[in-house]
Amino acid sequence: MHQRTVLITGGTRGIGRASAIALAATGHHLVLGYGRDDASAAQVEEEIRGMGGQCRTVRADLRTDDGIEHLFTEAIAFRGGIDAVVSNAGATLHIGDLASTPVAVIREVVDLNLTSAILVARRAAQVLPAGGVLVTLSSGAATTGSPGEYVHYAAAKAGVDALTKGLAVELAPQGVRVVGVAPGTIDTDVHADAGDPGRPARVAARHPMGRVGTPEEVAAVVAFALSDAASYVSGTTLRVAGGV
């Protein structure tokens with residue numbers, strides 16, 4: 001596998017962090033975007049450097065045009081260009097039926113999970129070279145709909161699936177692949193951030209495998225999508241949901 005310079009949005013916690021560690025372990029150079037958690041950013045950067053890897057963390061608000069441009073400018077400056085982008089930033093922010101979900105929360109969730117993902121993908125399409133890869137993080141919710149929990153988030157992630165398919169066809173002539181990864185319920189801080197830290201334990205029994213997934217299990221699929229072993233994989237979303 002040849003070394004890549006990889007930009008990961010939402011790269012310092014959860015699946016993003018696990019993906020960064022997995023990619024660093026195979027020699028890739030990392031630029032990790034994050035929104036607010038400076039302590040987590042410093043910790044993962046230190047860990048990657050301790051592995052002998054090269055890493056830069058960049059604080060940027062992907063809900064703004066300036067934030068996206070700042071992140072890409074810093075990422076390109078790190079090593080003179082980027083070879084791959086993992087679009088991972090996202091959140092549910094709320095758990096409950098749609099009727100009781102505040103309008104402001106719906107707008108924020110759609111803005112972060114879909115609008116920002118589209119704009120990150122647009123910027124990636126402008127800068128990725130032939131042989132480049134864009135990995136979009138979707139969710140198993142995109143097909144289950146997540147009734148009673150976060151239909152608004154599910155709808156946004158379904159949009160990411162459509163983005164993956166359409167952009168893969170657009171970028172194929174440029175030699176750029178676009179691959180989606182759709183995690184199911186994963187044991188990360190996203191549940192606590194939405195106000196329900198006990199959700200993974202509560203829902204584990206309804207999964208066919210009797211458990212939820214780990215960030216490392218998703219990271220392994222992200223690493224595969226970026227690898228030469230996935231050279232004929234594009235325009236599809238790989239489900240990592242334990243049978244759901």
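Modeller: Let's start with His152, which sits in helix α6 (residues 151–171). Helices here are DSSP runs of H or I with at least four residues, strands are E runs of at least two, and both are numbered from the N terminus. This is a predicted model: local features need pLDDT of at least 70, side-chain atom pairs count only at pLDDT 80 or more, and totals for chains, interfaces and linings use all residues. Residues are numbered from 1 along each chain as its sequence is written, and side-chain values use heavy atoms, with hydrogens and water left out.

Biologist: Is His152 buried or exposed?

Modeller: Buried, at 5% relative accessibility. Buried means under 20% relative accessible area, exposed means over 50%, and partly exposed is in between (1.4 Å probe, protein chains only).

Biologist: What does His152 touch?

Modeller: Leaving out residues up to four places away in sequence, its contacts include Thr92, His94, Leu98 and Val105. Contact means heavy atoms within 4.5 Å.

Biologist: Switching to the sheet. What is the strand order?

Modeller: β3-β2-β1-β4-β5-β6-β7, an open sheet of seven strands with parallel pairing. Two strands pair if DSSP finds at least two bridges between them.

Biologist: Which strands stand at the edges?

Modeller: β3 (55–59) and β7 (236–240). Each has a single partner strand, so one side of each lacks a neighbour in the sheet. The twist averages 15° from one strand to the next. Angles run from 0 to 180 degrees between N-to-C directions, with axes as lines fitted to C-alpha atoms, for helices over the stretch in contact.

Biologist: How many bridges join β2 and β3?

Modeller: Five, in the parallel sense, with β2 covering residues 29–34. Leu30 has Cys55 in β3 as its bridge partner. Helix α2 (residues 38–50) lies across both β2 and β3, at about 170° to β3.

Biologist: Last one. What follows α1?

Modeller: Gly27, with a positive phi near 95°. Within α1, the buried residues include Ile15, Ala18 and Leu23. The buried residues of α1 pack against elements including β1 (5–9), β2 and α2.
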